[in-house]
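Trainee: I would like to learn to read a model like this one. Please take me through a few features, one at a time.

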Amino acid sequence: MIGPVMAKRVFQSAIVLFLLVTVLFFVSRMSGDPVLMLTEGAIEPEEIDKLRKAYGFDKPLYIQFGRFLSEIAQGDFGNSVRTFEPATDMVKQRVGISVKMVVPAFLTYIFLSIPIGCLAAVKRGAIGAFAMVVSLIGQSVPSFFLGILYIYFFAVTLRWLPVFGSGSWEHYILPIATLCGYPLAKYTRLVRAQVSETLTMEFVRTARAKGLHEVNVIRRHVLRNALLPVITTMGVDVGTLIGSALIVEAIFAWPGFGTLVVEAAKTRDYPLIQTCGLLIGTLVLTGSIIADFAYGLIDPRIRRGS
Amino acid sequence: MADEENNDSQSGDFGASESVIIAAQRSTWQKIWNHRMVMGFVRYPPAFVALIIATFFLFFALFAPFIVSWDPNKPVLADTLQPPEWGIMFNSVHVLGTDTVGRDIFTRTLMGGRTSILLGFTGATGALSIGVVLGMIAGWKRGIVGATIMRWADLQIALPLLLMALTVAAVFGPGLHILLILFSLWFWGPYARISEGLTLSLKNREFVEAARSIGATPGRIVFRHVLPHLFSPLLVLWSFSCAILIIIEASLSFLGVGIPPPTASWGGMLAEGRQYLHRAYWLAMIPGAAISMMVWSINTLGDRLRDVIDQRQYL
């Protein structure tokens with residue numbers, strides 16, 4: 001039963017991706033003539049006409065759009081207007097750098113939030129309350145301020161860790177800890193809410209009644225049910241993760257994908273930012289499809305379509 | 001309370017009607033005090049603190065320009081990088097210090113809060129209006145109309161607001177009005193999703209059937225009969241999205257593509273303060289603390305609101 005459902009999801013995502021391409025194209029044309037925007041009026045009128053012809057901006061908008069689509073289909077995302085390098089090459093190079101920070105952070109908060117959330121749900125009392133207060137504060141401190149707090153305490157005051165640069169493992173600690181802050185707090189709260197709700201279910205009482213050890217009750221019966229919404233949220237949150245990575249890279253001067261996006265926005269390099277936008281959209285949509293798929297794998301009710 | 005009322009009404013003929021009125025008034029206050037909303041907020045300590053903080057910031061967001069004694073944007077080069085100091089004359093002292101060009105941090109924090117909070121609140125309200133209308137249409141109509149609306153809502157997940165704002169900043173350049181329009185146009189997805197789902201489930205209920213049977217038009221049914229049921233979940237979502245928008249505005253200003261300087265904004269102040277952490281910690285700590293407190297109080301109020309309303313009854 002999972003086949004048709006997934007096919008529908010993939011089809012819907014393809015439509016969304018097409019909408020994204022359309023929006024990116026028209027937004028970049030909305031500010032008027034791209035040639036005027038890029039040159040900022042610093043060249044002769046004849047030159048402007050020449051450039052317009054060269055880039056195809058003299059054609060009607062729908063022809064430009066068609067050309068844009070066919071170029072994308074061929075894998076040509078245009079060149080950066082500042083460095084004249086192909087946008088795809090620049091993106092590829094920078095994504096590699098970001099992955100080194102995002103993947104460890106992702107693993108860290110997944111593997112920390114599930115046990116902490118469980119613990120907070122099972123041990124109501126002081127531990128649970130403490131975990132909840134800390135996580136609500138953690139959810140309220142924006143990542144750019146959290147990063148600055150870390151820098152102030154661990155690098156400026158205590159001088160334990162380096163702030164900028166790369167090389168040793170120590171350079172990774174502060175960025176990863178900053179990137180983890182918000183999702184760790186959010187998922188801890190989510191896991192706790194889900195687990196404490198699942199604990200009230202009938203099947204938990206049955207599992208306990210048949211003499212299962214509490215650890216096994218949690219691991220085999222509670223977690224399997226409680227984690228389903230967590231997985232869905234994770235899929236949807238790929239975009240948020242990319243967004244926070246972008247800010248963390250800006251704080252720690254990490255030359256990754258996020259820094260590239262911000263540079264492109266500041267220098268108004270719109271072919272580059274279109275490419276980045278498309279990549280982000282594809283990643284987010286893929287993330288939510290994978291989450292749906294994982295959901296189906298974990299939950300036999302969905303797998304069997306009942 | 002009941003005893004008191006009896007005593008009042010039995011206290012003789014003279015002035016009896018007056019004391020009944022007083023008793024009635026008193027019981028009205030009692031009712032308000034015992035109302036679950038008030039109980040939920042005032043009698044739960046974190047929510048009470050959050051309410052005070054949020055009210056404080058909201059008050060200054062609205063009235064800061066009439067209260068502050070320093071010019072938030074005018075450099076005073078004689079007063080650069082002064083540490084926070086508490087004096088007797090509140091007005092003549094930089095309570096929270098000054099920044100690199102001698103502007104008062106307290107004033108700039110209040111004015112920055114004004115920008116962030118008003119932008120967050122108006123943006124969230126704009127998004128709510130668009131999202132509710134589109135969501136109810138999608139839930140009511142289904143078919144191609146509903147699918148189209150919901151795909152546009154999905155689009156906002158595919159390219160999250162922060163990244164869309166960067167794209168738009170790349171094309172139009174940074175600016176307050178652009179942010180406000182963008183916040184409304186690129187953040188209605190969650191509202192539409194909730195409204196669509198609820199409209200869909202309410203559509204087949206008896207009261208809708210009843211309204212239809214007396215000849216109400218679809219527009220009237222949706223706005224007069226379905227919309228009131230959406231109120232609570234939307235209010236909860238609205239409060240959380242205010243916090244998200246405040247963070248997004250601060251993030252954009254932090255990255256240098258939000259509110260253009262010299263206008264004060266929390267994110268911009270943090271970005272500036274980051275370079276002076278070793279010499280003047282207050283430059284970054286104060287706006288950072290302000291935004292964290294504001295976001296914490298909105299989140300706490302939103303959480304509490306959700307618990308008090310218990311939106312499960314609608315889902």
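Mentor: A:A253 is exposed, at a relative accessible area of 53%. Exposed means over 50%, buried under 20%, and partly exposed in between, using a 1.4 Å probe on protein chains only. Keep in mind that this is a predicted model: local features need pLDDT of at least 70, side-chain atom pairs count only at pLDDT 80 or more, and totals for chains, interfaces and linings use all residues. Residues are numbered from 1 along each chain as written, chains are lettered from A and ligands numbered from 1 in written order, and side-chain values use heavy atoms, without hydrogens or water.

Trainee: Where is A:A253 found, and what is its phi?

Mentor: Most residues other than glycine have a negative phi. A:A253 has a positive one, near 50°. The residue sits in the loop between α11 and α12 of chain A. Helices are DSSP runs (H or I, at least four residues), numbered from the N terminus.

Trainee: Now A:T178. Is it buried or exposed?

Mentor: A:T178 is buried, because its relative accessibility is 1%. Its place is helix α8 of chain A, residues 170-198.

Trainee: Which residues does A:T178 touch?

Mentor: Contact means heavy atoms within 4.5 Å. Set aside residues up to four places away in sequence. A:T178 then touches A:S143, A:L146, A:G147, A:Y150, A:V248 and A:F252.

Trainee: How many residues does the largest nonpolar core have?

Mentor: A nonpolar core joins buried Ala, Val, Leu, Ile, Met, Phe, Trp, Tyr and Cys residues through side-chain atoms within 4.5 Å. The largest here has 154 residues, and A:V195, A:L246 and B:L166 have the most contacts inside it. Helix α11 of chain B, residues 218-255, gives the most to this core: 18 residues. Another core lies apart from it, with six residues, among them B:I105, B:W282, B:L283 and B:I286.

Trainee: What is B:L166 in contact with?

Mentor: Leave aside neighbours within four places in sequence. From chain A, B:L166 meets A:L246, A:V261, A:A265 and A:I273. From chain B, B:L166 meets B:L252 and B:V257.

Trainee: How many residues of chain A are in contact with chain B, and what area is buried between them?

Mentor: 48 residues of chain A contact 44 residues of chain B. Buried area is the accessible area (1.4 Å probe) lost when two parts are put together, summed over both. Here it is about 3900 Å², with carbon and sulfur atoms giving 79%. On the chain A side, A:F144, A:F145 and A:I148 lose the most area to chain B, together 15% of what that side buries.

Notes. Helices (H or I, at least four residues) and strands (E, at least two) are DSSP runs, numbered from the N terminus.
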